[in-house]
Structures are given as structure tokens and as C-alpha cells.
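This report covers helix packing and the ligand surroundings. Look at the model first, then read on.

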Amino acid sequence: MKKIIAGNHKMFTNLESSKLLATELISKNTGYDKAEVVLIPPFPFLHPVQQIIADSFLQLGAQDCSAYAEGARTGEVSASMLKSVHAQYVLIGHSERRLYCNESHDTLKMKINCALDEGLVAIYCFGENEEEFTSGQRFNVIEKQLATVFESLSNDELDHLILAYEPVWAIGTGKTATVDQAVEVHSFVRELLALKYGQDLAKSIRIIYGGSVKPNNAKELLAGLNIDGLLVGGASLNANDFSEIIQAVY
Ligand code: PEP
């Protein structure tokens, strides 16, 4: 199973910087094939970035999709629109969207279904906030965040899901979970998957970590048991930093 490193550009970059970032990553990493690497630019830059990365090792992802297949929903972007610009991945349930856009579990389930119906790989983000972490509720919270999504998915569908553990207290804060803390959660999730879907499927689902991943902690995190890749925010906006992170895959 190849590791996956995804760079979430959030609401940063513009047309020129998105294109430059993609171009620089390609030139700095000639012949790269250690991991699947996904660039996740803002919606308007998906197509221009795709044109640059089309014949390279880089793949394309989107930051969100609508919970509906189509319709009179001004401002929304559907999974089929993403597919039409050759996106292969879509983030669903990023904590910033849960928090600022009040995305409920029901909405997230609908979004996952839309993404999977279009053949996209859904990167489903989950994780506890600071209060839940300090009060020792993190496993309960995570189990709930996962159970609500798993209940409506068949084994085949689940196989098109990547799970991204992103402790909210570590996102954009510079506070990374220790490798032990991340491994504890990733192993817990792997066990949940095994109980519900059996060992084979549990082993085939990638569980990636996100939260203040930087060039200086990527290698250590990637070596952690059950850590199948990284979701990188801030450090993915700099071609040198992101290159160091993808090169940290052994
Ligand atoms: C993210 O946006 O998913 C993320 C992990 O951000 P950062 O790396 O900046 O903490």
C-alpha cells in the first residue's frame, strides 16, 4: 500500500502562485514515485493546476463538494464538476468546514455518497478538539465521528475512502500530536474497522495524519505504526517544504 501525502492549500494562493507551486514541485522532484502526492488547491485553480500536473506524479484533489448531485444551489460545486476537471480526491469533513460551515454528520454522509458515486476518493477528516482531548473523550468522539459515516457505507464503498485523523488542536497551531498519540488513534481506528468489516478491509484502508506536519517532523510521523500518509496544510504552500515532506517517505 503506497503512502499518500496530500497538500491542502485552504483559502490561500491565487492563480499565479497555485500554478507556480505545481510547476516547482514537478521540477524539484523529477522521477518521484515513493508516494501518491495530491495537490488540493481552491476550486478556481483546479483546472489550471490540473493542466500543469497532467503528466506528472502529482494528482488533483478538491477541498469540498456539495451534498447534492446537481440543482439550483448557487455557489455549490458538485462532485461531478470536480470529476470533469479530473480531480480524483475530495476532502470531506475538514474541521474548518465542520466549525465554520456547521457541517453535520448527515451532510457529511451525503457528501461522501456524492463523491463516491462519481468515483472520487473521499478523504474523510475526523478528530477531537482541544477540550475533548484534555478531558479524555477523544476515543468516544472519534468513534462517533466514524460510526455515523460507516453505517451507510458498503465494504466496496469504504474501500474508496481515506481516513484523515486531524486533531483540531494541532491544525495550524504548530502543536503536532506526538507519534505515540497519533499511533494510538490510528491503531484504535484500524481495530474499529477490523471489528466491523474484517481484517482484510481494515488493512487496506489508509489512515493518514494531519496537524502541523512540517519537514522536521514528517519522517518520524511517517514511521509510526498505522500511519499511512500525511495531510499537510501550511507547509504544503511552500515548494521546498512540501518537497522535503514528500521526500521523507522511505
Ligand atoms: C489541514 O489543513 O488539514 C492541516 C493539517 O493544516 P496544518 O498542516 O497547517 O496544521
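Are helix 11 and helix 12 roughly parallel or roughly antiparallel to each other?

## Basis of the model

This is a predicted model, in which local features need pLDDT of at least 70, side-chain atom pairs count only at pLDDT 80 or more, and totals for chains, interfaces and linings use all residues. Residues are numbered from 1 along each chain as its sequence is written, and side-chain values use heavy atoms, with hydrogens and water left out.

## Helix 11 and helix 12

Helix 11 spans residues 215-222 and helix 12 spans residues 239-247. Helices are DSSP runs (H or I, at least four residues), numbered from the N terminus. The pair packs at an angle of about 20°, with axes 8 Å apart. Axes are lines fitted to C-alpha atoms over the stretch in contact, and angles run from 0 to 180 degrees between N-to-C directions. Helix 11 and helix 12 are therefore roughly parallel to each other. That term covers angles under 35 degrees.

The crossing of helix 11 and helix 12 is right-handed, meaning that the near helix is turned clockwise from the far one by less than a right angle. P215, A218 and L222 of helix 11 make the contact with D241, E244 and I245 of helix 12. Contact means heavy atoms within 4.5 Å. By class, these residues are four nonpolar, no polar and two charged. Here Ala, Val, Leu, Ile, Met, Phe, Trp, Tyr, Cys and Pro count as nonpolar, Asp, Glu, Lys and Arg as charged, and the others, Gly among them, as polar.

## Helix 1 and helix 2

Helix 1 (residues 15-28) packs on helix 2 (residues 46-53) at about 20°, with the axes 9 Å apart. That makes helix 1 roughly parallel to helix 2. The contact uses L15, S18, K19, A22, T23 and I26 of helix 1. Helix 2 supplies P48, V49, I52 and I53. The tally is seven nonpolar, two polar and one charged residues.

## Helix 5 and helix 7

The axes of helix 5 (residues 105-117) and helix 7 (residues 138-150) come within 9 Å and cross at roughly 50°. That makes helix 5 oblique to helix 7. H105, K109 and I112 in helix 5 meet Q145, T148 and V149 in helix 7. This contact has two nonpolar, three polar and one charged residues.

## Around the ligand

Of the 14 residues around the ligand, K10, E166, G172, S212 and G233 come nearest. A residue counts as near if one of its heavy atoms lies within 4 Å.

Which backbone atoms approach ligand oxygen atoms? A polar backbone atom of G172 is 2.6 Å from a ligand oxygen. For G233, the distance is 2.8 Å. A backbone N or O atom of G234 lies 2.9 Å from an oxygen atom of the ligand.

Methods
Helix = DSSP H or I, 4+ residues; strand = E, 2+ residues; numbered from the N terminus. Parallel < 35°, antiparallel > 145°, perpendicular 65-115°, else oblique. Polar contact = N/O pair within 3.5 Å; in protein donor to acceptor, adjacent residues only side chain to side chain.
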